[in-house]
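Hi there,

Here is the structure I promised to pass on. Have a look at it first, and then read on for my notes.

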Amino acid sequence: MESVSTEQVADFRRFNRYFTRRIGALNDHYLGQDRPLGEARLLFEIAEHDGPDGVSLRELRSRLGLDAGYLSRMTKTLERQGMVRLSVHPDDNRLRTVRLTPAGRVEVTEQNRRADSLAAGVLAGLDTDQRARLSEAMATARRLLRLAAITVEHVDGHAPDARACLDAYADDLDVRFPEGFDRTDLVGPDEVSGDAGAFFVAYEEGRPVGCGALRRLAAGAGEIRHVWVHPDARRLGLARRVLDALEAEALRRDWTVVRLDTHAALTEAQAMYRACGYTEIPAYGEHVYADHWFEKRLSR
């Protein structure tokens with residue numbers, strides 16, 4: 001991957017400084033209410049993800065990337081203010097949960113009203129075309145920032161996350177393929193572990209959102225299987241990130257050729273492989289779900 005330039009770093013930091021000041025994130029009374037942004041955001045997240053038993057502090061900590069002690073202090077502050085109620089999960093006494101009180105719900109409703117008013121005030125200074133351009137730019141920024149935060153990690157083929165991703169992949173194909181999908185076609189753990197191959201899982205905020213498998217096909221050649229992205233993480237460019245990781249692993253093993261096949265129904269996958277330098281070739285093996293076969297020569 002190309003190195004990040006100092007100019008790009010400076011642009012990123014400059015935008016962050018401007019935006020945090022523009023929306024009042026530096027004020028202890030965010031949106032004119034009697035609390036800083038951190039507490040306001042925590043209330044919003046509790047409201048957004050509240051369930052029958054509340055939302056667990058563990059989930060909030062993971063979602064917001066907060067230190068456990070800091071989250072605990074904020075939650076206790078909100079509890080003292082009568083905004084939230086803490087309890088123990090009825091099915092797991094190791095989990096502490098939190099939910100809004102009636103006063104907390106009133107607070108979040110007012111918070112949302114003020115936040116909408118602030119956003120409308122910012123956008124009011126632009127004409128219709130400029131607002132559309134800004135909305136498009138923000139959507140692009142959010143997509144790219146999500147992609148930048150996702151990690152693609154080499155995991156053992158027996159790992160629970162690896163098998164969970166393959167199960168989700170099989171569910172997707174069973175719906176998309178007219179003939180359905182037989183799970184016995186999935187790679188076995190030993191095929192993608194150790195010298196035989198490798199398995200990669202993509203993680204977003206600790207949650208598996210994609211995968212890809214690589215296994216030895218012949219001397220100097222590997223086969224890519226089961227490149228999958230969770231529906232929530234599609235259209236980010238994550239499939240290409242997974243493919244890059246698989247190709248890099250193939251080169252690390254001195255496999256200078258990678259091949260793969262795909263079903264006729266997976267037109268977007270075919271387009272991606274072609275865009276990534278894969279060339280369609282004659283069938284290199286028998287596979288019930290294969291309609292197109294591809295190959296790519298790798299170089300360091």
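Below is what turned up, starting with the cores and ending with the salt bridges. Please keep in mind that this is a predicted model.

**Nonpolar cores**

The largest nonpolar core has 50 residues. Within this core, Phe181, Phe199, Ile224, Leu238, Tyr273 and Tyr278 touch the most other members. Several elements supply at least two residues each, among them helix H7 (160-176), strand S6 (207-218), strand S7 (221-229) and helix H8 (238-252). H8 gives the largest share, with 7 residues.

Leaving aside residues up to four places away in sequence, the contacts of Phe199 include His154, Val155, Leu166, Val192 and Cys211.

There is also a second, separate core of 15 residues, and Leu57, Met83, Leu86 and Leu100 are among its members.

Leu31 is not a glycine, yet its phi is positive, at about 60°. You will find Leu31 in the loop between helix H1 (6-22) and helix H2 (37-49). Its relative accessible area is 16%, so Leu31 counts as buried.

His226 is also not a glycine and has a positive phi, of about 55°. This residue is found in strand S7. With a relative accessible area of 4%, His226 is buried.

**Salt bridges**

How many salt bridges are there? The count comes to 25. Here are some of them.

Glu107 pairs with Arg35, and their closest N and O atoms are 2.8 Å apart. Glu107 lies in helix H5 (residues 102-123) and Arg35 in the loop between H1 and H2, so this bridge ties together parts that are 72 residues apart in sequence. Are these two partners buried or exposed? The cut-off for buried is under 20% relative accessible area. Glu107 has 16%, so it counts as buried, and Arg35 has 5%, so it is buried as well.

Asp167 forms a salt bridge with Arg183, with 3.4 Å between the closest N and O atoms. Asp167 is in helix H7 and Arg183 is in the loop between H7 and S5, so the pair joins parts 16 residues apart in sequence. Asp167 is partly exposed, at 38% relative accessible area, and Arg183 is partly exposed at 39%.

Glu191 and Arg215 meet through their side chains at 2.4 Å, N to O. Glu191 sits in the loop between H7 and S5, while Arg215 is in strand S6, 24 residues apart.

Lastly, Arg146, Glu204, Arg207 and Asp232 are linked in a network of salt bridges.

Happy browsing!

Terms used. Residues are numbered from 1 along each chain as its sequence is written. This is a predicted model: local features need pLDDT of at least 70, side-chain atom pairs count only at pLDDT 80 or more; totals for chains, interfaces and linings use all residues. Side-chain values use heavy atoms; hydrogens and water are left out. A nonpolar core is a set of buried Ala, Val, Leu, Ile, Met, Phe, Trp, Tyr and Cys residues joined through side-chain atoms within 4.5 Å. Buried means under 20% relative accessible area, exposed over 50%, partly exposed in between (1.4 Å probe, protein chains only). Helices (H or I, at least four residues) and strands (E, at least two) are DSSP runs, numbered from the N terminus. Contact means heavy atoms within 4.5 Å. A salt bridge is a side-chain nitrogen of Lys or Arg within 4 Å of a carboxyl oxygen of Asp or Glu.
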